[in-house]
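Welcome! Take a moment to look over the structure below, and then let us walk through it together, one part at a time.

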Amino acid sequence: MQKLKGSAGFARQFLILLVIGLGALLFTFHNEAFYQRPLAKVEQVHNEKAVKQTDEFKNVDWQTKQHLRIKMLNGKYRGQVLTVTNTYSYSGAMDQRYRVGNEIFLTRVHEKNGELHAAIAGYKRDTVIVFLVWLVILLLLLMMRRQGSLALLSVIVNTILFMLAIELDLKMQSSHVLLIFGVLALIFTVISLVMILGFTRRMLATLGATVFGTIAAMLISLLVFNLTQERGIYYESMQYVTQVPRPLFLAETLLGSLGAVMDESSDIVATIFELKQLDPAATKRQLFLAGRSVGQSIMGPLVNVLFLIFMADTFTSSLLYLKNGNSWGYTFSMNMCLGTVQSLISGIGIVLAIPIASALAALLLGKKAKA
Amino acid sequence: MSTITALGLVLMILMILVGGKQGWTSFLSLLLNFGFLYFAIVLIAFHVPPLFVTLTTGTIILAVTIFMGEDDLKTTVTAFYASLIVMGILLLLIIGVEHWAMVQGFGPEDSEDLEGMSILIGISYLKVAVTTTILSTLGAIAEAAMAVAAGLTEVLNAHPDISTAQIMKSGMAIGGQIIGTTFNTLFFGFFGGFLTLFIWFAGLHYSFGTIMNNKIFVAEMIMVLTSFIGVLLTVPITAWIMGLRKKTIVDSFSENK
């Protein structure tokens, strides 16, 4: 696509990225020495006959027992061969079928009567992540060069900040969850916008719209929470909770909607600034209406982006609930209600950002209408 | 009144106040997408093949998001074709990756939530994982396709005799402008939801190696990264479709004039 200018440089960059990627993949195929946990490779598989299982809800499944000959890849037993057993089911919710060539982590490796024994702890998956990360970077840099590198840099910086905030949250023993992640959200916004727009008036208008839009959405939602006494919100259905769930849920919602509100505000502000350049005499009202019309056409798709991200995660456990004889309503409450609340609050933020972004940019740029 | 109903009403009123008729359509599209998504789960629970459910629900969700999000047919038809192609390519990639990574179903961290449940339900969780991953990327694909298609429609309107190569170039330029903010939307959308999981990992001092091989973490990362890949693929494919449909679109401009 960029073949017209600098095709030699392009080919060189492509080759460099390709070599780095292949190198990284090769490394993950042979990085067993870097793992503290014992790793082994499956060399031979012997499957027993599948056994039919029926549960109290008349679900029929098949379980198969496997005997795996595995070879230790690291640690002091490196090179030794042993046999472990594994049971997998057709549905495979908590188990999986192993094949020749798979690499697996082991636990409880011990010697008894001169023979090695161990249990399977899990499957080695790091190669997949490395492959996908490499694919994203390759596409990003080859297709969009400068903007691509900036987008990548912004993701990396945000990831680092995110990890720092989690460390901080643990240090404070989760006493100020909302404060920590609220400040983090503000820092995220400033950094992302400075990286995309530079330190300009456009960036300040977008920042203002994002911050006010998000705060307004949170306040309105908290008011609704209060008035309805949080009826039908089941915090106990939150996954992986190790701290008080309610502030964590609010922090998740705040962070989750941030990107979308930023996305929309920057589109609106960009349009108004462009319009102002084309027509320096534009009034505040004209600019405001132009911004609103951009916002109207992107709010629907944006709300849907977040909705699908929030809800897709609940798919697997909802299915399990339905197959365990629960009603549709109970399945919704226990799995999807938090995702729905998150989608709705984010939606409110996305909608509120439209008038706020339009008004801010119009006030900053527009001339007073001459009466 | 339950909180969800109240929040839904607030959102509906705000959408209508700010967006008028368009706002109402957007709210409706959200409701419809929710209905189709829930229906997809019910269908899979009734043992309809997950791949079939993925393709039909995916197509419907793309159609709802795109055609109810924007009125201009020149933009929407291009965006719809492009996002269908991207969904196809992504489906192949995701099927490959899910079989490779084996991240279906639940991880050891879910054990507590699963207590008392029968997990042998006779439906392949691997196929369900493909469905979940595809569905989570669709909104982003639809949004990117619409942004690029809308930009290119404007370019075609201003320069009707532009060459296909130039359409591609403009498409990539528009893509470059949206990629930063789109990645942000996806990054925060996904990472907001990972907060509790990451606090779990950090609190229990999981090592880097453990996290990189953790079933749940890898499953979530596959969702984020395939969404990124989907958005990236959407840009040139939308431009390509726009090039193919150039004649139709330019003709419809001159009819309007």
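## How confident is the model?

Chain A has a mean pLDDT of 90, and 97% of its residues reach 70 or more. Keep in mind that this is a predicted model. Residues 1-5 of chain A are a stretch to treat with care: pLDDT stays under 50 there. For these residues the model has four contacts beyond four places in sequence.

Chain A is split into domain 1, covering 32-124, and domain 2, covering 172-365. Between the C-alpha centres of these two domains of chain A there are 44 Å.

Chain B is also assigned a domain 1 (1-46) and a domain 2 (49-256). Here the C-alpha centres of the two domains of chain B are 20 Å apart. Where they touch, domain 1 of chain B gives 11 residues and domain 2 of chain B gives 12 residues. On the domain 1 side of this contact in chain B, you will find seven nonpolar residues, four polar ones and no charged ones.

## Where the two chains meet

Two packed helices are described by the angle between their axes and the distance between the axes. For H3(B) and H8(B), the axes come within 8 Å and cross at roughly 150°. This crossing of H3(B) and H8(B) is right-handed. The residues in the contact of H3(B) with H8(B) comprise 18 nonpolar, six polar and no charged.

An unreviewed UniProt entry places the feature "transmembrane region" at several spans of chain B, among them residues 36-67 and 79-97. You can compare these annotations with the model itself. Residues 36-67 of chain B are 88% helix and 0% strand, with 16 Å between the end C-alpha atoms. Residues 79-97 of chain B are 100% helix and 0% strand, and the end C-alpha atoms of this span lie 26 Å apart.

Note on methods
Residues numbered from 1 in each chain as written. Chains lettered and ligands numbered in written order. Predicted model: local features only at pLDDT ≥ 70, side-chain atom pairs only at ≥ 80, totals over all residues. UniProt positions renumbered as here; feature names shortened; annotations may be inferred. Helix = DSSP H or I, 4+ residues; strand = E, 2+ residues; numbered from the N terminus. Domains from an automatic or database assignment. pLDDT = per-residue confidence, 0-100. Contact = placed C-beta atoms within 7 Å. Axes fitted to C-alpha atoms, helices over the stretch in contact; angles between N-to-C directions. Left-handed = near helix turned anticlockwise from the far one by under 90°. Nonpolar A, V, L, I, M, F, W, Y, C, P; charged D, E, K, R; others polar.
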